[in-house]
Amino acid sequence: MKILHILSFSLLASLLSTAAPSPLTPLPREQPQWWRKQYEQQVEQIKNNPCGVLFLGDSITDYWKREGKPIWEKAFSPYHPCNFGISGDQTTNLIYRITDSGIPAQTDPKLCIVMIGTNNTGYFKGGEAPEKTAMGILGTVEHLLVRFPDTHVLLLGIFPRGTGPQDKLRQHNDRINAILAQCKLPRTTYANINRRFLDSSGKLLPGISRDNLHFTEKGYAIWADAVLPYIKKTANSILSHPQRMTVGMPPSASHACGSGTYLSINDEAYAATTVQPSFLKLRSWSLKSTAHVHQFIFPGGSALNAYE
């Protein structure tokens with residue numbers, strides 16, 4: 001069902017011409033064929049093993065099982081880690097895996113660690129607005145908060161990529177991270193650990209990456225050192241008392257959204273604005289048992305509602 005709330009023909013045409021789905025749309029990947037098999041294997045592993053810390057993301061998370069395996073076993077094994085990362089995934093793919101599987105954990109994790117978004121940047125070559133990618137990342141976190149009502153989420157800024165600070169895709173990721181840093185979600189800590197991976201000139205430290213994107217064992221060691229304090233705090237239950245998702249009635253349907261257009265594409269509604277504001281916070285509530293609303297609040301009080 002496609003619902004056009006306020007029609008703006010020029011903006012609508014430009015959106016449809018890109019054929020880009022909402023970053024909140026749960027999308028499986030039909031290719032490569034191994035994607036489905038790996039996803040199903042991960043679901044079985046989570047179902048059949050205790051899970052104290054759940055890592056979610058793309059190849060950079062996925063490759064803990066490869067280059068990062070020695071560090072993973074040494075640093076995280078006491079905390080029963082589970083890996084829910086798949087190479088090549090964008091926010092839409094991770095949201096699909098969360099919602100399709102329900103993450104049937106044998107035990108609810110005490111901490112979820114999320115790092116996702118660089119494939120949105122890479123796939124669209126920086127053409128997806130930072131606000132939209134940020135929306136997908138925040139939507140991913142919100143799904144986890146609803147699925148695990150007593151779990152804390154550590155949301156990591158997208159890691160640095162490219163040969164240096166002048167790299168266009170890194171700059172795009174930095175803009176996404178700047179938006180994420182302004183957002184406030186229940187039971188969620190945002191951390192940008194990127195400086196740990198960089199030298200004084202902004203280049204990746206020698207030996208931490210094989211391709212200016214993916215980590216070597218040395219890079220994974222830096223990542224582990226950065227997140228272990230959060231894992232230990234969670235394990236010792238000294239994080240702030242969990243705050244469950246806010247559930248209440250939505251505001252009037254006449255809500256504002258900057259100067260933009262509100263529309264629904266592929267059963268996922270989101271707002272398209274002609275300006276590029278930054279998010280201040282996100283609120284969520286249930287409309288019905290099968291409907292959920294994400295509300296992103298912009299500077300000046302305007303709001304973006306996304307329904308799923």
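Reader: Hi! How many disulfides does the count come to?
Author: Zero, taking a disulfide as a pair of cysteine sulfur atoms within 2.5 Å. This is a predicted model, where local features need pLDDT of at least 70 and side-chain atom pairs count only at pLDDT 80 or more, while totals for chains, interfaces and linings use all residues. Residues are numbered from 1 along each chain as its sequence is written, and side-chain values use heavy atoms, with hydrogens and water left out.

Reader: Is Cys112 buried or exposed?
Author: Cys112 is buried, with 0% relative accessibility; buried means under 20% relative accessible area, exposed over 50%, partly exposed in between (1.4 Å probe, protein chains only). Cys51 is also buried, at 2%.

Reader: Switching to the sheet, what's the strand order?
Author: It's 2-1-3-4-5, an open sheet of five strands with parallel pairing. Strands (E, at least two residues) and helices (H or I, at least four) are DSSP runs numbered from the N terminus, and two strands pair if DSSP finds at least two bridges between them. The edge strands are strand 2 (81-85) and strand 5 (188-191).

Reader: How many bridges join strand 4 and strand 5?
Author: Four, with strand 4 covering residues 152-156. Leu156 has Ala191 of strand 5 as its bridge partner.
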